[in-house]
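Subject: Structure for you to look at

Hi there,

Here is the structure I promised to pass on. Please open it alongside this email, and my notes follow below.

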Amino acid sequence: MTEVFAAFLKELDVEELSVSCYMIMGEIFPAWTGKKLGLGPNLLYAALSKAAGISPDKIKDYLKQTGDVGQTTFLVLSNEKKSQSTFSSFFEPEPATDDEYSDSTSDVLIAGQLTIRQVYDQLKSIAGASGKGAQSQKIKNLQSLFSAATPEEAKYISRIALEELRIGIGEGIVRDSIAKAFDVPVDGVEFAFMVTNDLGEVAVASKTGGIESLKNRQIQINRPVKMMLAQVTESIESAFSELKNVAVEWKFDGARIQIHKKGQDVKLYSRRLEDVTDSLPDVADAILNAVDVTDAVLDGEAVAMDDAGKPRAFQDILRRFRRKYDVESTSRDIPIHVNLFDLLYADGESMIEKPLRERRQRLAQIVKKNAKGISVDEMVETDNPEIAYEIYEKALKAGHEGIMMKNPDSAYSPGKRGKNWMKKKPVMDTLDLVVIGGEWGAGKRKNKIGSYILACSDPINNIFLEIGRVGTGLSDELLDTLTEKMMTLIEAESGVEIKIKPEVVFEIAFEEIQKSSNYAAGYALRFPRLIQVRDDKTADDIDTIEKVERMYSGQKEN
Ligand code: ATP
């Protein structure tokens, strides 16, 4: 795949290059924008029915047959469109509403001659459409694409539009292909990707400026980088045998927050890299008051506190992160304290390649002590597991999750989950899995989706692997809200079985992991139950098959 994609990249001009890097992974925008197309299957079917000139019901019949959006698009356009294309082969694309997009959609789409750029421009217009008439504009944009595309092309356009492409190419293969196509070292591409969070930009830099250009990439303020992540450690001792000297911190029970400060301007990003600044004005004020440098990028955990100073339920902090109205009163009801634990950039200087120890020293220098709503969390460097145990007990007593054990000599690696950060929590770890399907309930659960089909990810091949079903842990109220949410994500139905666009993440507890040939993952969960819906995570953040395998082997050892 690397060979094929590298050869393809070589043929493209600069404009097509970045776009192709996103689309081959089934994405439309670079990760740092936090932007998704957010197109529901129903809208796509509406556009398809218009392009083919058939009723939405007929589209549903096709869907029942194929169970797949791409295949349905292909069949509908192959079988039904013929009569249409005879009277018009030119399509005026809908003008974009957003300025940023407006100049790019000027060319006319000619049937059978659709370019990569044109597909991208139409999809961008869809994302830019807002307010009154947005719905019909989106349908028109898609309709003009379907009308101009061949059935084979349209199959892939549908899958990309619903973020369902998954042809087995992920970030790793794109990175390697860029290196191969433009003859630059893989680690140069990797570094540039970590700091820019944009493989399209990295491809262009590689083509136009080679390794020098890659090396010159830097973290930029107001462009969030992926969060560095942690691996589960079986025991505190095993982390010490791995690292010897360990930097121990509390694992706070809250939500991750990346903070970008540029002068008096503060932007806040969630774990999904969404801009949550408007929901958290109190945090922005606290940062301005507490941080003593002009420009900074900081990493930390935002905790919702109760009156006794203990962390409140996870749903409370999420309510703060998502709040669009009554922000002020909600911030009074649910005050937030931010525990900063890392510094990525300070006044013109990138910190990510410096050791954690040094980053933390600088962090402590630039954040005022006893500031309201902000503190630098305590980090204790030790080679003694006993000390880590004491910190662990204290953290749990204070109502937090456990501890983080970090390598004090390690760099900050955006997006990486490795042994430089390890986490220890008391209970057996849960799995974050994405809902890919469901089943209509019977009896009391009639007209509700009564059970959900879950999948873990295989990031190397960029696919989801089914691992089981859950129907336990769902209250009637939750069943109602979940059903309502899933209704907008249903892609196909056959009997009681439903295929759902993979978007909603469930945190699942279980008794045990078993080997199983019933599911694509090769494993099944015994007695799975829903702990909570992880609204702070996307399908990109779910647990991997590698983690499932590790947990399975860990079980056998215990
Ligand atoms: P979890 O579901 O356990 O929160 P996760 O997948 O969100 O895990 P991990 O990288 O596995 O993320 O665990 C680290 C998470 O713990 C961070 O994303 C962050 O939100 C939280 N956290 C709390 N305290 C710290 C800390 N001191 N250092 C780093 N992360 C911390």
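This is a predicted model: local features need pLDDT of at least 70, side-chain atom pairs count only at pLDDT 80 or more; totals for chains, interfaces and linings use all residues.

Domain 1 and domain 3 touch, with 7 residues from domain 1 and 9 residues from domain 3 taking part in the contact. On the domain 1 side of that contact, 3 residues are nonpolar, 2 are polar and 2 are charged.

Cores

The largest nonpolar core has 123 residues, and the members that touch the most others are Leu44, Leu48, Phe146, Ile178, Val202, Leu344 and Ile403. Strand β8 (residues 336-346) gives the largest share of this core, with 8 residues. Where does the core lie relative to domain 1 (37-161) and domain 2 (229-424)? Both of them contribute residues, so the core lies between the two. As background, nonpolar side chains in soluble globular proteins tend to be buried together.

Strand β8

How many of the 11 residues of β8 are buried? The count is 10, so to speak for a strand that is mostly covered. Its pairings are as follows:

- Strand β7 (residues 295-304) runs antiparallel to β8, and 9 bridges join them; Ala296 faces Ala346 of β8.
- Strand β10 (residues 374-376) pairs with β8 in the parallel sense over 3 bridges, and Ser375 in β10 is the bridge partner of Asn339.
- Strand β9 (residues 349-350) is antiparallel to β8, with 2 bridges between them; here Tyr345 stands opposite Ser350.

β8 and β9 form a hairpin with 2 residues between them, and Asp347 in the turn has a positive phi of about 40°.

Ligand

The ligand is surrounded by 13 residues, the closest being Leu229, Ala230, Glu249, Phe252 and Arg256. Both β3 (229-232) and β4 (246-251) supply at least two residues of this shell, and β4 gives the largest share, 3 residues. Which classes make up the shell around the ligand? There are 7 nonpolar and 6 charged residues, and no polar ones.

Enjoy exploring!

Best wishes

Technical notes
Residues are numbered from 1 along each chain as its sequence is written. A residue is near a molecule or strand if its C-beta atom, placed from the backbone, lies within 6 Å of it. Helices (H or I, at least four residues) and strands (E, at least two) are DSSP runs, numbered from the N terminus. Ala, Val, Leu, Ile, Met, Phe, Trp, Tyr, Cys and Pro count as nonpolar, Asp, Glu, Lys and Arg as charged, and the others, Gly among them, as polar. A nonpolar core is a set of buried Ala, Val, Leu, Ile, Met, Phe, Trp, Tyr and Cys residues joined through C-beta atoms within 7 Å. A residue is buried if 20 or more other C-beta atoms lie within 10 Å of its own, exposed if 12 or fewer, and partly exposed in between; C-beta atoms are placed from the backbone. Domain bounds come from an automatic or database domain assignment. Two residues are in contact if their C-beta atoms, placed from the backbone, lie within 7 Å. Two strands pair if DSSP finds at least two bridges between them.
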